[in-house]
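I set down here what I looked up in this structure, entry by entry.

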Amino acid sequence: ERQSVELGRRVDLAGRGDKNKQLADALQAELPPAASPGLAQAEFQGWLRQLADTQPASLRLDVQPPVRLEAPADVVRVTATLNGSLPPSQVLQLISRIESRQSLATIPMMTLRSDGLNRSFSLTIQGYYRLQAREPQP
C-alpha cells in the first residue's frame with residue numbers, strides 16, 4: 001500500500017507539471033513580439049495613452065524604461081503609472097479595459113480614494129513583451 005501511495009504522489013506531481021506547462025504556454029501566447037526593448041516601451045506607452053485619452057478627465061501617464069527579465073531572458077517588462085481624478089465607477093471600467101487586453105498586462109498596485117469631492121486614483125500597470133530573435137547579419 002505504501003508503494004501505491006508513493007506512485008499516486010508521483011502521478012500527482014507529473015500532472016501538476018503538465019498543468020504548470022499549460023499555464024506557462026498560455027501566458028507565453030499572451031506576450032506580443034517586440035523588435036527591441038525601446039519599441040516595446042513605445043507600444044505600451046501608446047496603448048496606455050490611447051486608453052487615457054478616452055477618459056473624461058485628463059490623466060497623467062509616467063512610463064519607466066523597460067526591464068529585461070532574468071527568466072525567460074527574452075522577455076521585457078514595461079512599468080507605467082496612470083493617475084488622475086475619476087469617479088470610482090469609471091476607474092473600475094478603466095481597470096476592466098486594462099485586464100481585458102489580449103496582450104499580457106497586470107496591475108500590481110492600485111490606489112483609489114473617494115471622500116466627497118476628492119476623487120483620485122493611481123494604477124501601476126505592467127506590460128510584458130517577447131523580444132524577437134535577431135537575424136544574423138551576412
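I looked for aromatic contacts in this predicted model and found that ring pairs link Phe44, Trp47 and Tyr129 into a cluster. I counted rings of Phe, Tyr and Trp (its six-membered ring) as paired if their centres lie within 6.5 Å, with planes under 30 degrees apart called stacked, over 60 edge-to-face and the rest tilted. The structure holds two such pairs. I took helices (H or I, at least four residues) and strands (E, at least two) as DSSP runs, numbered from the N terminus.

I next checked accessibility and found both Phe44 and Tyr129 buried. Buried means under 20% relative accessible area, exposed over 50%, and partly exposed in between (1.4 Å probe, protein chains only).

What lies over the face of Trp47? I found Arg101 there, at 4.2 Å from the ring centre. The criterion was NZ of Lys or CZ of Arg within 6 Å of the ring centre and within 35 degrees of the ring normal.

I then turned to the strands. S5 (residues 105–115) and S6 pair in the antiparallel sense over nine bridges; pairing requires at least two bridges found by DSSP. The two strands form a hairpin with two residues between them, and Gly116 in the turn has a positive phi of about 75°. I noted Asp115 opposite Asn118 in S6.

For helix H3 (residues 88–99), I listed Val91, Leu94, Ile95 and Ile98 as the buried residues. They cover an arc of only 100° around the axis, which puts them on the same side of H3; the arc is taken from the directions from the helix axis to the C-beta atoms. On the other side of H3, I found Leu92 and Gln93 exposed.

Finally, I checked confidence. The chain averages a pLDDT (the predictor's confidence in each residue, from 0 to 100) of 85, and 81% of the residues score at least 70. Helix H1 (residues 2–29) has the lowest confidence, at a mean of 61, and strand S2 (residues 60–63) the highest, at 97. Where pLDDT is low, the predicted coordinates should not be read in detail.

On conventions, residues are numbered from 1 along each chain as its sequence is written, and side-chain values use heavy atoms, without hydrogens and water. Local features need pLDDT of at least 70 and side-chain atom pairs 80 or more, whereas totals for chains, interfaces and linings use all residues.
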